[in-house]
Structures are given as C-alpha cells and as structure tokens.
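Please look through the model below before reading on. The numbered points follow the order in which I would check them.

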Amino acid sequence: MFETLLLSLAAAVQAVPPQATQLPPPPPSVPAPVTAPVEVDTRPYVELVTDAGKMVVRLETKRAPITTANFLRYVDSKRMATAFKFYRTTRSWGEGNALVQGGNRGDARLNYPPIAHEPTTVTGLTHCKGALAMARLAPGDATSDFFILLSDIPGFDADPAASGDNAGFAVFGELVSGFDVAEKIYAAPVSPTKGEGVMVGQMLDPEYKILSARRIPAPADAPKGCVVKGA
C-alpha cells in the first residue's frame, strides 16, 4: 500500500510541467536616473582691494596661459600690492572707448621681464565690457600694466586684415564684480598736465592704490561673462 502511494506521488510530480514548479523571474531592474555632471570652475579668481573699493577678476588660464601666469606672478609675489595703482581713465575719449588702466607706478625694478603677446585671434577672447587686458606699446613688450574695459571696444581685437600694428591687445580675463568701483575710478578727477601724448588729461589725480591682491575661491554668483567668443 505504501509503495503504491509513493509511486502515485512520483507520477503526480512528473505530470506537473517543470515551469509550473519554478519561481517567477525577477522584475527587470530600473535604471538609475542619469545625473548631468557638475562642471567645476577651475579658473583663478583674484580679489583686488583698492582705495576706491573691491573688485574681483576671473582669469582665462587655458586660453591665455602666458598672460594669466604673468598677472598671477605679480599677485602671488605681493608685488601688485606693493607698487600697483590705477592711474589712468580714458573719459576724454567718450563713453564708447571707456577703460581704466593700472600697473606698477613705483619701482620699475619690480617689473618681471616682458611676455610673449597672445592675440585674440589665438585665444578666442574679445574686448567686451569688463574685459581685462594687457597694456603695451609693441607686441611682446607687456610687463605689468593692464586695463579694464567699461565699454565694448572690438577695435582692440587683433585684425590680420588691418595694416600696420594689427596684433591688438591681449585679453586674459574679465571683471566679474565691482563694476561700480571701476566706474568710480573712471569718473575720478584727472590732472590737466600730467602724462604724455594721448595720455595728457587722462592721468588720475590722485591715483588709486591697490592695497591687496589675492586669489579667492570662485564666487557662487559669478556671471558667465562675455570675453569668450561665442560662449
């Protein structure tokens, strides 16, 4: 009797299709949501504290490596806070050609050697309002002096089709905060007699000292800016 029961149970098991005794397959996995990578701004930011107030500039190290390294050399060595001043305004040229110029106004021995010129045709940068660029007489003679634009001056960009000195000026960054301070310097009194050539009537009197210059973290509210063409 017992053997008959075992045989009947075995027969019943064999009669059940194999798939009926298996567990159902696991549900398909749900892919994890795709998160866009967060771009970290690695460009240097420099805070300039002056007699007129504080400004912050952003430097384009990848696009203008020679010029930015030169500027940072003055910042990191503290030479910028030793002898640099804002000393010129182009208010006499009108609102369409507005800039303020700064640089070493003390001991010329504090200047580092001249740097190679990085034209805008190579860097992809442009002279828009807020642009930070090197002052020069001839391409390759820039040392310490720089200027900040307070209007668009596209004519300062390099133009290979132009005759004569067509290398333009070397843009290497831009003002990201403190436009009101730059405007204050731009509107400040000038000497009627100081300066030479086109600079007569543009020399600030008094000049504005750069009291400190230091690197700072990227501000959370830093604007996108305009110096990178097509950005």
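1. What pLDDT does the protein average, and what share of the residues score at least 70? This is a predicted model, and its average pLDDT is 90. A score of at least 70 is reached by 87% of the residues.

2. Residues 1-13 need caution. Their pLDDT stays under 50, and the model gives them zero contacts beyond four places in sequence. Where pLDDT is low, the predicted coordinates should not be read in detail.

3. The structure holds one disulfide. Its partners are Cys128 and Cys226, with sulfur atoms 1.9 Å apart. Cys128 sits in the loop between helix 4 (120-123) and strand 5, and Cys226 in the segment after strand 8, so the bond ties together parts that are 98 residues apart in sequence. A disulfide is a covalent bond between the sulfur atoms of two cysteines.

4. Why is the disulfide of Cys128 and Cys226 called right-handed? The torsion about its S-S bond is about 85°, and therefore the disulfide is right-handed. As for accessibility, Cys128 is buried, with a relative accessible area of 8%. Cys226 has a relative accessibility of 32% and counts as partly exposed.

5. Asp145 deserves a separate look. This residue is found in the loop between strand 5 (131-134) and strand 6 (146-149). Asp145 is buried but has no salt bridge. The nearest side chain of opposite charge belongs to Arg105, 5.4 Å away; a salt bridge would need a nitrogen of Lys or Arg within 4 Å of a carboxyl oxygen of Asp or Glu.

6. With neighbours within four places in sequence left aside, the residues in contact with Asp145 include Gln101, Gly102, Gly103, Met134 and Ala135.

7. Two backbone details are worth checking by eye. Most residues other than glycine have a negative phi, and most peptide bonds are trans. Lys78, in the loop between helix 2 (65-76) and helix 3 (80-83), has a positive phi, near 70°. The peptide bond that joins Asp205 and Pro206 is cis, with omega about 10°. Pro206 belongs to strand 8, which covers residues 203-216.

Conventions:
Residues numbered from 1 in each chain as written. Predicted model: local features only at pLDDT ≥ 70, side-chain atom pairs only at ≥ 80, totals over all residues. Heavy atoms only, no water. Helix = DSSP H or I, 4+ residues; strand = E, 2+ residues; numbered from the N terminus. Buried < 20%, exposed > 50% of the residue type's maximum accessible area, 1.4 Å probe, protein only. Lys, Arg positive; Asp, Glu negative; His and termini not counted. Contact = heavy atoms within 4.5 Å. pLDDT = per-residue confidence, 0-100. Disulfide = S-S within 2.5 Å.
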